[in-house]
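Let us go through how to read a few features of a protein model, by question and answer.

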Amino acid sequence: MKKILFALLFAPLFSFAQTPVSGTWRAEISTHGGALPFNFEVNSTSNASELDIKLVNGAEKFSLGNSFFRADSLVLPLDLYDSEVVFAVTKSTEMKGYYVKKRNGKTAFRLPISALAGSSDRFQNLQPATVNISGKWMADFFSDATNHSPGVGVFEQKGSAVTGTFLRTSGDYRFLQGNVSGDSLLLSYFDGSGLYLLKAKVSGSSLQGRFTSGLSGVRTVEAKLDPNAALPDLKKLTFLKPGFDRIDFQLPTTKGEQISLKDERFKNKVVVIELMGSWCPNCLDESRYLAPFYKKYQSKGVEVLGLAFEYSPDIKISGPKMDNFQKKIGITYPLLFAGTPDEKTIAQVLPMLSQMNGYPTTFIIDKKGIVREIHTGFSGPGTGKYYADWIADFEHTIQSLLAEK
């Protein structure tokens with residue numbers, strides 16, 4: 001009897017939890033903007049205690065680690081963003097739980113989630129679409145009369161289904177997905193970090209609505225259909241102070257190695273420097289591009305560095321996040337710990353920089369150490385043609401600098 005009790009006491013706790021059915025699921029997060037829907041897929045793995053769960057946003061399906069059972073809960077780890085989704089599997093086709101956002105390992109907030117199996121719909125109870133929003137839109141995001149910022153919407157509508165994104169000067173809103181219901185546009189996005197919800201009315205070639213993000217962000221959006229819609233020149237938003245044409249710093253890796261642009265490895269090399277953070281979805285997109293780019297161009301005379309601005313000033317806390325980011329993306333160039341993402345720290349690390357307008361910000365430096373280009377933000381794969389154009393322009397610049405004597 002004692003042996004049986006001992007075995008029961010220390011048996012794997014996941015055995016007491018129900019297993020959700022494989023296939024497509026639809027979930028809703030309760031946010032300050034209302035119910036934010038998203039989709040995910042559940043698949044089994046060779047390990048009975050783990051599941052392969054992929055978040056679905058438009059054309060993107062991704063997971064940041066195998067989900068697992070913890071006691072009687074199913075956990076979806078989103079550790080790149082210091083967050084997780086924790087579900088109680090009430091039925092094999094029904095789950096309820098929380099989206100938990102952490103900051104330096106401690107819970108910052110949690111939002112309720114419910115999920116049902118079997119539906120790939122985004123929004124429900126739709127009316128037949130009476131408008132079509134396919135095309136480019138020049139948008140204005142504002143919270144009050146003094147706080148305006150531009151955006152470019154690029155959308156494709158098929159029936160009532162809509163995919164697309166907004167490009168902003170600080171980066172795009174990745175893979176927005178949703179529907180048109182009557183004359184209303186409904187879009188959402190969730191990836192473990194970004195929480196985006198747009199509800200807008202469309203009238204002819206104009207739309208107006210409310211865009212909510214994160215825990216409390218709220219902005220009004222007004223947009224007009226415009227095939228020539230464009231952002232300001234993203235190469236002119238960030239610049240060096242008068243009298244400076246180069247940058248320098250000395251910063252540590254997570255292993256304590258100090259690296260400076262004066263080091264031998266950077267002499268007579270074209271250098272790409274990404275100001276980023278492991279918490280930043282647009283930085284994730286750019287780093288996913290830079291990782292294979294570096295493997296292709298390193299032998300041709302290109303070096304890449306990532307300057308990581310993390311939420312904790314303690315490298316013992318931020319270092320593991322950087323290492324995890326580097327490992328999961330397959331980055332082989334150095335990531336340096338630059339401190340926290342605030343104006344004071346940035347001014348200390350890069351005193352020659354006039355201002356910081358968003359993450360990521362990318363520097364291209366020629367063989368003589370002169371800064372030839374600074375690009376604010378990143379147009380990721382969710383932007384389609386803009387992403388392809390950015391890559392073509394970036395690699396053309398790199399090849400031109402490599403050809404210089």
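Q: Which residues is Glu 303 in contact with, leaving aside its neighbours within four places in sequence?

A: Contact means heavy atoms within 4.5 Å. Here Glu 303 is in contact with Arg 265, Phe 266, Lys 269, Val 270, Val 271, Val 272, Tyr 294 and Gln 298, leaving aside neighbours within four places in sequence. This is a predicted model, where local features need pLDDT of at least 70, side-chain atom pairs count only at pLDDT 80 or more, and totals for chains, interfaces and linings use all residues. Residues are numbered from 1 along each chain as its sequence is written, and side-chain values use heavy atoms, with hydrogens and water left out.

Q: Is Glu 303 buried or exposed?

A: Buried means under 20% relative accessible area, exposed over 50%, and partly exposed in between (1.4 Å probe, protein chains only). Glu 303 counts as buried because its relative accessibility is 4%.

Q: In which strand is Glu 303 found?

A: Strands (E, at least two residues) are DSSP runs, numbered from the N terminus. Glu 303 is found in strand 22, residues 302–309.

Q: What is the order of the strands in the open sheet of five strands?

A: Two strands pair if DSSP finds at least two bridges between them. The order is 23-22-21-24-25, with mixed pairing. Strand 23 (335–339) and strand 25 (371–376) are at the edges; each has a single partner strand, so one side of each lacks a neighbour in the sheet.

Q: How many bridges join strand 21 and strand 22?

A: Strand 21 (residues 270–276) pairs with strand 22 in the parallel sense over seven bridges. Glu 274 stands opposite Gly 306 in strand 22.

Key
Helices (H or I, at least four residues) and strands (E, at least two) are DSSP runs, numbered from the N terminus.
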